[in-house]
Amino acid sequence: MYAVIETGGKQYRVEVGTVLEVELLDVEPGQSITLDRVLLVADGTESAVGTPIVDGAAVEAEVVGATRGDKVIAFKYQPKARRRVKKGHRQELTVLRIADIRCGGKSAATAEEKAKDAKKTERQRLE
């Protein structure tokens, strides 16, 4: 199961366990947050596309920490006018780990747990 979410004016395709960097959010590391702006949820053959968001869908994420993005340099130059302007920018980011995707009573985390149990061999189950 995967979802397309929107946060910070950008869209991200996420699955359970995905670690992504988003625009700075006002949360502490270790907290759990719910992202409600879910634009699409797909599970195998079924998919739900929102207009603009999917009703009853949410993505649970755990805050791993905060970081800063790469430095972006804006350099303006005009020849013969002795004009040079150099500016730098580093975006503040929040690192999230996706814990669960919920839509219409379905949960991606529980489905993934069931799939892991089904993959275990008989010997591993008995241990």
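## Close-up views of a predicted model

View 1. Tyrosine 2 has alanine 42 as its bridge partner in β5, strands here being DSSP runs (E, at least two residues) numbered from the N terminus. In β2, the bridge partner of tyrosine 2 is glutamate 15. The model is predicted, and local features need pLDDT of at least 70, side-chain atom pairs count only at pLDDT 80 or more, while totals for chains, interfaces and linings use all residues. Residues are numbered from 1 along each chain as its sequence is written, and side-chain values use heavy atoms, with hydrogens and water left out. β1 and β5 pair in the antiparallel sense over four bridges, and six bridges join β1 to β2, which also run antiparallel; two strands pair if DSSP finds at least two bridges between them.

View 2. The open sheet is formed by four strands in the order β2-β1-β5-β6, with antiparallel pairing. β2 and β6 (46-49) stand at the edges with a single partner strand each, so one side of each is left without a neighbour in the sheet. From one strand to the next the twist averages 15°, where axes are lines fitted to C-alpha atoms and angles run from 0 to 180 degrees between N-to-C directions. The hairpin of β1 and β2 has two residues between the strands, and in this hairpin glycine 8 takes a positive phi near 65°.

View 3. Side chains of opposite charge can pair when their charged atoms come close. With a salt bridge defined as a side-chain nitrogen of Lys or Arg within 4 Å of a carboxyl oxygen of Asp or Glu, the count comes to seven salt bridges. One of them joins the side chains of arginine 37 and glutamate 6 (3.0 Å, N to O). This pair links distant parts of the chain, with arginine 37 in the loop between β4 (32-35) and β5 (38-43) and glutamate 6 in strand β1 (residues 2-7), 31 residues apart. Arginine 37 is partly exposed at 38% relative accessibility, and glutamate 6 is partly exposed at 25%; buried means under 20% relative accessible area, exposed over 50%, and partly exposed in between (1.4 Å probe, protein chains only). Glutamate 23 and lysine 10 also meet through their side chains in a salt bridge (2.6 Å, N to O). Here too distant parts of the chain are linked, since glutamate 23 belongs to strand β3 (residues 19-23) and lysine 10 to strand β2 (residues 10-15), 13 residues apart. Lysine 10 is partly exposed, with a relative accessible area of 39%.

View 4. Aspartate 43 forms a salt bridge with lysine 106, and the closest N and O atoms are 3.7 Å apart. Because aspartate 43 lies in strand β5 and lysine 106 in strand β9 (residues 106-107), the pair ties together parts that are 63 residues apart in sequence. Aspartate 43 is partly exposed, with a relative accessible area of 31%, and lysine 106 is likewise partly exposed at 36%. A network of salt bridges links Asp43, Glu46 and Lys106. Serine 107, also in strand β9, counts as buried at 18% relative accessibility. The side chains of serine 107 and aspartate 100 are joined by a polar contact of 2.9 Å, that is, a pair of N or O atoms within 3.5 Å, of which, within protein, one must be able to donate a hydrogen and the other to accept it, residues adjacent in sequence counting only if both atoms are side-chain atoms.

**View 5. Backbone features in two loops.** A cis peptide bond with omega of about 0° joins threonine 51 and proline 52, and proline 52 is placed in the loop between β6 and β7. In the loop between β7 and β8 (83-103) lies lysine 80, a residue other than glycine whose phi is positive, near 70°. Lysine 80 is exposed, with a relative accessible area of 88%. Arginine 82 is found in the loop between β7 and β8, and its phi is near 55°, again a positive value in a residue other than glycine. Arginine 82 is exposed, with a relative accessible area of 80%.
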